[in-house]
Amino acid sequence: MKFQVLDIIPHLKNPVTGAIVSTADRLNQVVRTAQRAEELGYDSFSVGERHAGEFISSSPTTVLAAIAAVTSRIRLQSGVTVLSVLDPVRVAEDYATIDQLSRGRLELVIGKGNEVLQYPLFGLDLDDQWDLLAEKYGLLRRLWTEENVTWSGTFRSALTEPTTTTPRPFAGAPRVWHGSATTLTSAALAAKWGDPLFTANAIQPRENYQVLIDHYREEYERHGHDPRHQFLGSGSGAGGVFIADTTQEAKRQFGPVYEALTAGRNVPGNNSPFRDIDHAVAEGPALVGSPEQVVDKILSYHRLYGHDLQSISLPTTLPFEQQLDILERFALEVIPKVRAAAPTRLWESPDPFGGRPESAGATEPDAAATVAADHDNYRSDHAHVYAH
């Protein structure tokens, strides 16, 4: 298994102590955490995007560019790029710039986002969110894989003159994942294109996310894509990872913060049923406990999901040094055991994107084209199955 650190950059008071850092300090913490994650051997670092609520992640491209400048190996991801409210031309330009700055380390995670207030903010109708996502992704794919693109659609003015966005990506189009949290639609869109899926696994019982994963795999097979490129990422529960010597000590230390943050959320459709720390540890996706408890929980989800990439988020209302201690303990005491028990092809030599970054040797000059060819060849070799 591979491991990602995700920060959607919430900017909140510690609900127990009332402490909060400045905006500048909080943003710099994100960059410093990414540097430390690279030093500790994490595989990727992801920055979220929100345009409403108590978050300061409205410009993830700026933050990712800052991270690209101070790291050299760790892959850079978004979590998620809210493509439904953005201009695909601008997304193609901005993220290709990050891809060049990082020399091929970028992988995008797209979605429609789970904040309904951002749609009127951008002059869009919430009822169009899924159609917006599908149309804009179709254009983004073309902008990254083709030159001299002309295009017309429903939600954006047409590209009537041949358009080539610049800069071009570092080595062919970056891989695109699809974030999925509540509906089958994102899972179906990922499967349609033969892309990987990232399940939020944040606040609901695991069975709810399993429905989305099963639908993705069924649709992926129905579209006839090469199963070697079917990858799955999974989140780790809202609230943040917390590790202590024993699970009881972890619950004692982190329980009051978790429960206060959970009690303070009142967002219909976005509230966790795991309201207290005991319930969250026993049945929810929260990774809170001893290293052994956390290993066991990740592997229990892996038995159900079969995921390749595990995402974690730090409890960002805690003192920053404490966050870094948790990051280190997770790297030293959890990751090696999970990796040994759950190997994956993701970013390894069988995966064309494994050799895409310069830091990996840049052995695959156009991984996206290789994957597309593999999908085509697989359908051709199994034409008797996929004939319509």
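Biologist: Is glutamate 358 buried, partly exposed or exposed?
Modeller: This is a predicted model, and in it glutamate 358 is partly exposed, with a relative accessible area of 42%. The side chain of glutamate 358 meets that of arginine 103 in a salt bridge, with 3.6 Å from N to O.

Biologist: Where do arginine 103 and glutamate 358 lie?
Modeller: Arginine 103 sits in the loop between H3 and S5, while glutamate 358 sits in the loop between helix H12 (335–341) and H13, so the pair ties together parts that are 255 residues apart in sequence. Arginine 103 is partly exposed too, with a relative accessible area of 44%.

Biologist: Why would two such side chains pair up?
Modeller: Side chains of opposite charge can pair when their charged atoms come close.

Biologist: How many salt bridges turn up in the whole structure?
Modeller: A search of the whole structure finds 24 salt bridges. One of them joins arginine 36 to glutamate 328, where the closest N and O atoms are 3.4 Å apart.
Modeller: Arginine 36 has a relative accessible area of 24% and is partly exposed, and glutamate 328 is partly exposed with a relative accessible area of 29%.

Biologist: What does aspartate 87 pair with?
Modeller: Aspartate 87 forms a salt bridge with arginine 156, at 2.9 Å from N to O. Aspartate 87 lies in the loop between strand S4 (81–82) and H3, and arginine 156 in the loop between strand S6 (149–151) and strand S7 (159–163), so the pair ties together parts that are 69 residues apart in sequence. At 33% relative accessibility, aspartate 87 counts as partly exposed.

Biologist: Let's switch to glutamate 107; where is it, and is it buried or exposed?
Modeller: Glutamate 107 is found in strand S5, and it counts as buried because its relative accessibility is 1%, where the cut-off for buried is under 20%. The side chain of glutamate 107 also makes a polar contact with the side chain of tryptophan 177, at 2.8 Å.

Biologist: Which residues does arginine 105 touch?
Modeller: The side chain of arginine 105 makes a polar contact of 2.9 Å with the side chain of threonine 71, and one of the polar atoms of the arginine 105 side chain lies 3.3 Å from the backbone oxygen of alanine 68. Arginine 105 itself is found in the loop between helix H3 (88–101) and strand S5 (106–111).

Biologist: What about a partner of opposite charge for arginine 105?
Modeller: Arginine 105 is buried yet has no salt bridge, and the nearest side chain of opposite charge, that of glutamate 38, is 4.3 Å away. A salt bridge needs the nitrogen and the carboxyl oxygen to be within 4 Å.

Biologist: What kinds of residues line the largest cavity?
Modeller: The lining of the largest cavity divides into nine nonpolar residues, four polar and one charged.

Biologist: And what lines the second largest cavity?
Modeller: The lining of the second largest cavity includes Val5, Leu6, Asp7, Arg26 and Thr33, and the cavity has a volume of about 60 Å³. The largest share of this lining, three residues, comes from S1. By type, the residues divide into four nonpolar, three polar and two charged.

Biologist: Last topic: how much space lies in the second largest pocket?
Modeller: About 410 Å³ of space lies in the second largest pocket. Its lining has 25 residues, and Arg141, Asp195, Ala368, Val371 and Ala372 lie nearest its centre.

Biologist: Which helix supplies the largest share of that pocket's lining?
Modeller: H13 supplies the largest share of the lining of the second largest pocket, with seven residues. Helix H5 (129–145) and helix H13 (367–381) each supply at least two residues there. The residues of this lining divide into 13 nonpolar, six polar and six charged.

Technical notes. Residues numbered from 1 in each chain as written. Predicted model: local features only at pLDDT ≥ 70, side-chain atom pairs only at ≥ 80, totals over all residues. Heavy atoms only, no water. 1 Å grid on protein atoms, 1.4 Å probe; cavity = no way out; pocket = protein on both sides within 12 Å on 5 of 7 lines; lining within 4 Å. Points joined across faces, edges and corners; volume = space filled by probe spheres on them. Helix = DSSP H or I, 4+ residues; strand = E, 2+ residues; numbered from the N terminus. Nonpolar A, V, L, I, M, F, W, Y, C, P; charged D, E, K, R; others polar. Buried < 20%, exposed > 50% of the residue type's maximum accessible area, 1.4 Å probe, protein only. Lys, Arg positive; Asp, Glu negative; His and termini not counted. Polar contact = N/O pair within 3.5 Å; in protein donor to acceptor, adjacent residues only side chain to side chain.
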